[in-house]
Amino acid sequence: KALGCPWKQPGACEMTNLVFMRRSIVAKCFISAGEVVTEDMLTFKRPATGIPPREMDRAIGCKAKHDIEEDQIVTWSMLERD
């Protein structure tokens, strides 16, 4: 019991801050409707209310359904695959 748990996981007090500590994909520049999203159009910022950075490869190559403003958090509802 003195060694604790062998699995590393966030504590209960850390869970409330998890959304604010992780990052989302964010538009680095203005993306117009119908434009194909490229890697250089995207960056990562807090909070984690959009697409997680690990999904970057899936987001690249999608078309914007509507205009996405610079610095706007990107969600799947904003993107479409061909």
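Me: If rings of Phe, Tyr and Trp (its six-membered ring) pair when their centres lie within 6.5 Å, with planes under 30 degrees apart counted as stacked, over 60 as edge-to-face and the rest as tilted, how many aromatic pairs does the structure hold?

Reply: This is a predicted model, in which local features need pLDDT of at least 70 and side-chain atom pairs count only at pLDDT 80 or more, while totals for chains, interfaces and linings use all residues. Residues are numbered from 1 along each chain as its sequence is written, and side-chain values use heavy atoms, with hydrogens and water left out. The number of aromatic pairs in the structure is zero.

Me: Which residue forms a salt bridge with Asp-71?

Reply: A salt bridge needs a side-chain nitrogen of Lys or Arg within 4 Å of a carboxyl oxygen of Asp or Glu, and the closest N and O atoms of this pair are 2.4 Å apart. Asp-71 lies in the loop between β3 (63-64) and β4 (79-80) and its partner in strand β2 (residues 42-45), so the pair ties together parts 26 residues apart in sequence. The partner of Asp-71 is Lys-45.

Me: Over the ring of which residue does the charged end of Arg-58 sit?

Reply: Arg-58 also meets Glu-55 in a salt bridge (2.8 Å, N to O). A charge sits over a ring if NZ of Lys or CZ of Arg is within 6 Å of the ring centre and within 35 degrees of the ring normal. Here the distance to the centre is 4.6 Å, and the ring belongs to Trp-76.

Methods:
Helix = DSSP H or I, 4+ residues; strand = E, 2+ residues; numbered from the N terminus.
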